[in-house]
Amino acid sequence: NARATGRGRGSLAPPGETGSVGFDARKACSLDILSNVAKDASPKGTIDSYIEPIVSMINGMRDFYTTSSCSGRISIMSQPFNKTKGGKWLLVSHKKINCSEAKEALTNLSNFSSVTPATAAPVGGKDLVVFRFEPMVLSVECRTLAMADRLVQCAILCGFRESGISSVKKRVMATIRTSLRLEAPVGKGGRQLVSDEYLQVLCALANDKLHQNWIRMNRFHFQICRGALCDPNIRVEEYVNRRTNYTC
């Protein structure tokens, strides 16, 4: 939301029916593809089970449908140095991992040596191996700016404080996201650059962030279920700020 992120409000068209032209046709086409395509373009190939209840709930509402989603993931990727595209997934997990999984992912890389910084030979090659945690991200097309704003307000109040609205041509898009991220290089040129102890710390941090991510997802799903997006006559804050216990 522009009030929270300081971005995008000035570029938006006035509230009203912006984005509603063709909305129903686009939604029907998107849901048809979602129900008939066996695999998508993500590393997993399908919708994550952790985010599927949120996706289903939003897609069942009149004024919204999802265009892309990820429940959050821990990954290790070998990628060309100083390039943003290309690379090889060594590990992708939408659930918590242990250090042995990360270690195995590194040792399975061709010509990858298990060494600590103290014993490492000079590194070569151009591939950088990066350990990451990325939180939930959800892209939603909304029928109107008013509904998009309501969706984003709900998300922000549930902890997704980086959420916002953008208008692309005649489509009103909302992106639900948070700043729970972690990224650290762990190898380069076929060699491990960090100790196993440091790798264990990274895994623990990533697992903790994933747990926080799940808590926020559960809050968001709960508020959607209780009708926070449905009644424009009731402020979103009146739903979200009610005392509720959230479990993961």
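**Cysteines, core and confidence: a chat**

User: Is cysteine 203 buried or exposed?

Analyst: Cysteine 203 is buried, at 2% relative accessibility. Buried means under 20% relative accessible area, exposed is over 50%, and partly exposed lies in between, with a 1.4 Å probe and protein chains only. Bear in mind that this is a predicted model: local features need pLDDT of at least 70, side-chain atom pairs count only at pLDDT 80 or more, and totals for chains, interfaces and linings use all residues. Residues are numbered from 1 along each chain as its sequence is written, and side-chain values use heavy atoms, with hydrogens and water left out.

User: New topic. Which residues touch the most other members of the largest nonpolar core?

Analyst: Ile54, Phe64, Ile76, Phe131, Leu138, Leu151 and Phe220, out of 53 residues in that core. A nonpolar core is a set of buried Ala, Val, Leu, Ile, Met, Phe, Trp, Tyr and Cys residues joined through side-chain atoms within 4.5 Å. Helix α6 (residues 196–225) gives the largest share of this core, nine residues. Helices (H or I, at least four residues) and strands (E, at least two) are DSSP runs, numbered from the N terminus.

User: What does isoleucine 54 touch?

Analyst: Leaving out residues up to four places away in sequence, isoleucine 54 touches Met136, Leu138, Met217, Phe220, His221 and Ile224. Contact means heavy atoms within 4.5 Å.

User: Where is isoleucine 58, then?

Analyst: In helix α3 (residues 52–59). Beyond four places in sequence, isoleucine 58 contacts Phe64, Tyr65, Thr66, Leu138, Val140, Phe220 and Ile224. Its C-alpha atom is 9.5 Å from that of cysteine 225, 167 residues apart along the chain.

User: What's the mean pLDDT of the chain?

Analyst: The mean is 80, and 76% of the residues reach 70 or more. pLDDT is the predictor's confidence in each residue, from 0 to 100. Over residues 110–124 the pLDDT is below 50. Residues 1–18 stay under 50 too.
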